[in-house]
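Hi,

Here is the structure I promised to pass on. Have a look at it first, then read my notes below.

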Amino acid sequence: MSRTALRICPLCEATCGLTLTIDDGRVTGARGDRDDVFSKGFVCPKGAAFGAVDSDPDRLRTPLVRVDGELREATWEEAFDAVAAGVRPVVERHGPHAVGVVLGNPNVHTMAGGLYPPLLIAGLGTRSLFTASTLDQMPKHVSSGLLFGDANLIPVPDLDRTDHLLLIGANPLESNGSLCTAPDFPGRLKALRARGGTLTVVDPRRTRTARMADRHLAVRPGTDALLLAAMAHTLFDEALVDLGGCAPHVDGLDELAAALRDFTPEAVCGACDVDAETVRTLARELAAAPTAAVYGRIGSCTVPHGTLASWLVDVLNVLTGNLDRPGGALFPQAATDRTPRPAGPGRGFALGRWHSRVRRHPEAKGELPMSALAEEIDTPTDEGEPIRALVAVAANPVLSAPDGDRLDKALGSLDFMVSVDPYLNETSRHADVVLPPPPPAQTPHHDFAFNTLAVRNQVRYTRPAVPLEHGRMAETEILARLVLAATGGHGADPAAVDALVVGQTLGKAVKDPHSPVHGRDPEDLAGLLTGANGPERRLDMMLRLGPYGDGFGAQPDGLTLEKLLAHPHGIDLGPLRPRLPQPLKTRSGKVELLPAPIAADLPRLRAALDERPGGLVLVGRRHLRSNNSWMHNVPALTGGSNRCTLHVHPDDAERLGVQDGQPVRVKGAGGEVTAPAEVTDAVRPGVVSLPHGWGHDRPGTRMRHAATEPGANVNQLLDGSLLDPLSGNAVLNGVPVELAPLSAPVPGTSGALT
């Protein structure tokens, strides 16, 4: 019998509501939920293919444990016994930092990934933490930490009310948005233009987003910070600075003006390949717009000056009076945020509290660069132990990090590795234990991370659309048991993990004079929690203690889990609202425009004024039907335009003797790959583009469809030595490469890559 069920889509950052069609326990269809308070029926090709993703036959159904060198199916008990036997001796013999933890991008797309990895890291006591953030967004976290005192306090553009939007290195028509959670981003941009607003896109590629813009600037890759600095200089030079309502909450304005004195439009135009008058026009239009927002994303983060570019995005929002005002860039308020504290000075944000062992990279937000993972495993030093055991949760760094060949070999040398992953992929194939979570239809969903980045305040929760299949284990239980097995509590009831968190959280809350439960009995409060299991009880607690919560009865009309369950399409909490100075946690209690680490890095940016790349440089690209390396095993999401080809400008193709469709060899500092050329003027001259997440041709994986057209691993062109020094983020864009046409097609490619 056919039925329908609701599910929030976990396949990208847009978090659209879906209506699933279920037949005999299987998802047979997916469409947008028209009653969803946030997405209102929008769905992209990924969401429409939810059923195919959910039922992929290559998803692992039972744990795998390595016996005599081979991965074999095992019971859950055997798997967790093996985890405890593999991890604990490493900790006891070599110390906690000898156990590395790698968290992949999908962690922020699942409820379990938001609840349990912090407990794993804290329980192990390891500083060897590596996440996908240092391959993507860490510059934005660092700049936000330095400006606002909180690395997770990221302003987002008020898309639905702005009059002027400047996008830097962002392609939301393909990505659906990133660090800006906005279902139907394309529709919101069309609405912006329909109401007379202006859209400007800065990108070396003429992306789908750039094609719909009023103005597209094809800057030279990696020069975003120079362009933004010159725009800020122009605002000062032409007396266009107006902080608006933000003025009482800003510190360092005069110092900032002095620091940017050298970055005139004339000084940057050669490096950016944008004429000086255009730079001035951008700044003037930004200042003159009734409301405006500057938004930078992955293209401006994964470059040598990623943190400076991210900082300057918000500097421009401040200087034009658009930070923290409707139509500008505002700070969302998620339902599971902590109880807002009174405004005032905070502890601030610190960088470099510890360093990596080999190249002494400073930590950022508690993380070390993913680019350093291989060397932290395979390189002995006199200081500290190498990583000897690894816990990887939803991570595939062999494809997503620079120099996958070296990391591939390093993983093979570990004493022990456990991977939580639904696939046997390029990374998990090295594991001694693989713990497969169930398909998304069998899991609950609440977006802890993305609601803190949403363009409208709202809250939604969906329980599993399909009952947990016999023999599978809930992802929340898998991670709870992993925490216990890795931290010395193997064999304990996994519910004890959630109970411990509840007890500790309520114990702190009742001692906080700003909490709605100050002075109450934590055990009494715990007894009031509802929910079918530990994760739901934790969600109920977070909602009730949050900014819209009922405060365990203090605000009877406030949020609870029961109230949320009574609204299956979600609860709208209203548009974004000005919040300053309350969320600031800097030591001054103000927005600190020129933090010391930023000022210390500006000489490096000044040196870039004279840099001119001599040959070709490489940039990545996204596709609407892909999300990193996740979905290449789903036939409905591959093929057509979603192919791994190398975009080459016609002028470069003619100069190098490259024909459309011809295989070409691309060589970088980390190695070389082969790809079919796609000659197109969508890239500017001197730039080539290869998409991210491909390279599914390594032996020992079990992803049959992905292996039929594996593509090339663009990150193999990188050796991992290029990093943004403040954030440790990998430089993935604007890197030099060499190109050579091959005389004949590579056998067996069928138009794909080798």
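Below is what turned up, going through a sheet, a helix and a single residue.

This is a predicted model, where local features need pLDDT of at least 70, side-chain atom pairs count only at pLDDT 80 or more, and totals for chains, interfaces and linings use all residues. Residues are numbered from 1 along each chain as its sequence is written, and side-chain values use heavy atoms, with hydrogens and water left out.

Sheet: three strands make an open, antiparallel sheet in the order S1-S2-S3. (Strands are DSSP runs of E, at least two residues, and helices are runs of H or I, at least four, numbered from the N terminus; two strands pair if DSSP finds at least two bridges between them.) Strand S1 (2-8) and strand S3 (26-32) are the edges, each pairing on one side only. Strand S2 (residues 17-23) joins S3 through six antiparallel bridges, and Leu20 sits opposite Ala30 in S3.

Helix: H10 covers residues 224-237 and spans 20 Å from first C-alpha to last, close to the 20 Å expected at 1.5 Å a residue (that is, 1.5 Å times one less than the number of residues). Twelve of the 14 residues in H10 are buried, meaning under 20% relative accessible area with a 1.4 Å probe, protein chains only. Among them are Asp224, Met231 and His233. After H10 comes Ala239, with a positive phi near 55°.

Asn317 counts as buried because its relative accessibility is 1%. Leaving aside neighbours within four places in sequence, Asn317 has contacts (heavy atoms within 4.5 Å) that include Ala292, Val294 and Leu323.

Cheers

Conventions. Buried means under 20% relative accessible area, exposed over 50%, partly exposed in between (1.4 Å probe, protein chains only).
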